[in-house]
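Dear colleague,

I am handing over the structure that follows, and I would be glad if you read these notes beside it. They begin with a term that is needed throughout and then go through the findings.

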Amino acid sequence: MKYEVIVMGASSGGLNAIRSVLTSLSENFSIPIVLVQHVSPRSDGQWIRSLDIIAGLNVKEADEKETIEKGNIYVAPPNYHLLIETNRTFSLTIDSRVNFARPSIDVLFESAADVYRDKMVGIIFTGANSDGAIGLKRIKELGGTTIVQDPNSAESPYMPEAALSLMPADYILTLEKIAELLNKFDKDN
Amino acid sequence: MTSISISEIEIALLLEAIYQKCGYDFRQYSEAHIKRRLSSRLAISGLKTVSEMQFQVLHNEQFAYTLLHDLSITVTEMFRDPEFYKSLRQNVIPILKTYPFIKIWHAGCSSGEEAYSMAILLREEGLYERSMIYATDFNQKILDKAKAGVFQNDLIKDYTNNYQMSGGLESFSDYYTSNYNMFIMDQSLKKNIVWANHNMVTDSVFAEVHVIFCRNVLIYFKKNLQENIHLLFYESLINGGVLCLGSKEGLYFTDLKYKYDELDKKQKIFKKKY
């Protein structure tokens with residue numbers, strides 16, 4: 001098995017981007033997905049429930065100490081950073097904002113890279129800030145596969161561009177192609 | 001392994017050194033959290049490896065205390081999660097009104113924002129005069145800050161918002177005096193707050209209390225340590241006492257969950273059974 005986890009980060013415009021990719025995944029998609037979407041600290045999680053219905057996969061907020069399981073999609077809770085432990089469980093913290101964000105994409109990506117190294121995929125989607133760039137670079141350094149949404153196709157190109165300015169990504173793709181690639185990864189696994 | 005990755009062996013040895021040298025025990029804290037804090041200190045300090053940090057801990061007292069501060073949890077807010085405070089007013093205050101004297105413990109109070117929030121809430125509910133708040137932390141530096149009650153002005157806007165959304169009855173500005181770039185909490189709010197150095201990881205029960213607040217501290221601990229702390233809390237609460245945890249915390253991993261009723265499932269407010 002090549003890939004054990006896929007991590008995703010998105011900011012402004014991300015709800016549409018994530019919905020588009022998740023709904024295009026094959027029915028029994030099994031690689032666990034962990035994602036950070038910048039939302040208001042007071043978000044009620046309604047958008048997670050809507051994804052759960054649309055995506056046909058099990059989408060849930062990540063709980064502390066929860067073990068990462070196949071076939072699940074985990075979303076960082078609003079106002080907490082989400083980290084991954086060596087034993088494949090989640091940790092939450094309320095540490096200061098990173099890149100003005102909590103949850104921060106960098107925080108998730110850096111901790112995931114340390115654990116999964118070359119057995120993971122990191123994806124940066126649309127956004128109007130630079131969160132996730134350092135994290136994606138870290139994933140690349142430790143042998144993971146990196147994907148950046150094609151800035152030309154992103155609602156806000158700044159975040160993909162910020163990531164690409166730090167590192168050459170393995171793939172620069174539209175949302176449609178990202179979903180295709182992930183389905184291929186899952187099939188080959 | 002790249003040069004910037006940190007060996008888990010080195011981290012374990014460093015935490016052991018801190019424990020033996022300073023008596024503070026971080027060995028049962030979440031590893032991802034510790035790793036993140038140490039990486040940031042490593043980058044700032046100019047040291048190359050965690051082993052070098054260990055040497056510094058053993059031979060440089062100043063560095064050891066810097067590291068202790070790095071590893072302690074210092075992020076807090078006034079009226080953080082306004083819905084929680086709303087629930088306190090509705091579900092917990094009526095219980096507290098039945099007691100002639102009320103003892104409250106803020107465990108891991110950090111810079112004291114939650115203790116001040118509770119003091120304000122108690123005052124508005126007419127309970128402050130018969131209440132005693134014990135606000136404890138192991139980090140003396142942050143405890144001194146809490147005691148001073150002086151905060152940065154740029155926090156006022158968020159705190160005022162939180163206060164209003166929590167169902168505050170007055171104007172938040174009634175509770176502080178603003179001065180240049182700082183604001184200071186009203187002195188009368190401190191009258192019944194006792195600030196004390198207590199380490200919940202290594203110290204034992206110190207009082208019997210009606211309410212315990214420990215919000216967003218346990219998430220930093222591994223399961224075994226969480227269990228120990230839950231036992232400490234259980235033993236510290238009177239029968240019918242109230243335990244308040246953070247929004248993503250619970251009693252999942254401990255049999256003690258059967259010894260509490262849920263007063264508010266979403267806001268993580270629990271009542272110890274009689």
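A salt bridge, as the term is used here, is a side-chain nitrogen of Lys or Arg within 4 Å of a carboxyl oxygen of Asp or Glu. Please keep in mind that this is a predicted model.

With that rule, the side chains of A:Lys184 and A:Asp188 form a salt bridge, the distance from N to O being 3.0 Å. The two residues are separated by about one helical turn, because they lie four residues apart in helix H6 of chain A, which covers residues 175-188. A:Lys184 is partly exposed, with a relative accessible area of 48%, whereas A:Asp188 has 54% and counts as exposed, since exposed means over 50%.

Over all chains, a search of the whole structure finds 30 salt bridges. Another one in chain A joins the side chains of A:Glu64 and A:Lys65, at 3.3 Å from N to O, and here both A:Glu64 and A:Lys65 are buried.

In chain B, the side chains of B:Lys97 and B:Glu125 meet in a salt bridge with an N to O distance of 3.4 Å. This pair links distant parts of the chain, 28 residues apart: B:Lys97 sits in the loop between helix H5 (82-96) and strand S1 (102-107) of chain B, and B:Glu125 sits in the loop between helix H6 (113-124) and strand S2 (131-137) of chain B. B:Lys97 is partly exposed, at a relative accessible area of 42%, while B:Glu125, at 19%, counts as buried, because buried means under 20%.

Next comes the contact between the chains. In it, 32 residues of chain B are in contact with 28 residues of chain A, and the area buried between chain B and chain A is about 2,400 Å², with carbon and sulfur atoms giving 47% of that area. The rule finds six salt bridges across the interface of chain B and chain A. A salt bridge also joins the side chains of A:Asp63 and B:Lys248, at 3.0 Å from N to O.

Counting residue pairs in polar contact between chain B and chain A, both residues being at pLDDT 80 or more, gives 17. On the side of chain B that touches chain A, the elements that give two or more residues are helix H2 (31-45), helix H8 (156-165) and helix H9 (223-236) of chain B. Of these, H2(B) gives the largest share, six residues. Sorted by class, that side of chain B has 12 nonpolar, nine polar and 11 charged residues.

Is B:Ser166 buried or exposed? With a relative accessible area of 1%, B:Ser166 is buried, and its place is in the loop between H8 and strand S4 (176-179) of chain B. The side chain of B:Ser166 reaches the backbone oxygen of B:Tyr163 at 2.7 Å. Apart from its neighbours within four places in sequence, B:Ser166 is in contact with B:Phe79, B:Pro82, B:Tyr85, B:Lys86 and B:Arg89.

The second residue, A:Ile53, is in helix H2 of chain A, residues 46-55. A:Ile53 counts as exposed, at 71% relative accessibility. The C-alpha atoms of A:Ile53 and A:Thr23 are separated by 9.9 Å, with the two residues lying 30 residues apart along the chain.

Finally, a few words on chain A as a whole. Chain A has six helices and nine strands. Its radius of gyration is 14 Å, close to the 16 Å that the globule rule gives for 189 residues, so chain A is as compact as a globular protein of that length. The C-alpha trace of chain A spans about 35 × 30 × 30 Å along its principal axes, and buried residues make up 60% of the 189 residues in chain A. Among the contacts in chain A between residues at least 6 apart in sequence, 69% join residues at least 24 apart.

With kind regards

Key. Residues are numbered from 1 along each chain as its sequence is written. Chains are lettered from A and ligands numbered from 1 in the order in which they are written. This is a predicted model: local features need pLDDT of at least 70, side-chain atom pairs count only at pLDDT 80 or more; totals for chains, interfaces and linings use all residues. Side-chain values use heavy atoms; hydrogens and water are left out. Contact means heavy atoms within 4.5 Å. Buried area is the accessible area (1.4 Å probe) that two parts lose on being put together, summed over both. A polar contact is a pair of N or O atoms within 3.5 Å; within protein, one must be able to donate a hydrogen and the other to accept it, and residues adjacent in sequence count only if both atoms are side-chain atoms. Ala, Val, Leu, Ile, Met, Phe, Trp, Tyr, Cys and Pro count as nonpolar, Asp, Glu, Lys and Arg as charged, and the others, Gly among them, as polar. Buried means under 20% relative accessible area, exposed over 50%, partly exposed in between (1.4 Å probe, protein chains only). The radius of gyration is taken over C-alpha atoms; the globule rule is 2.2 Å times the number of residues to the power 0.38.
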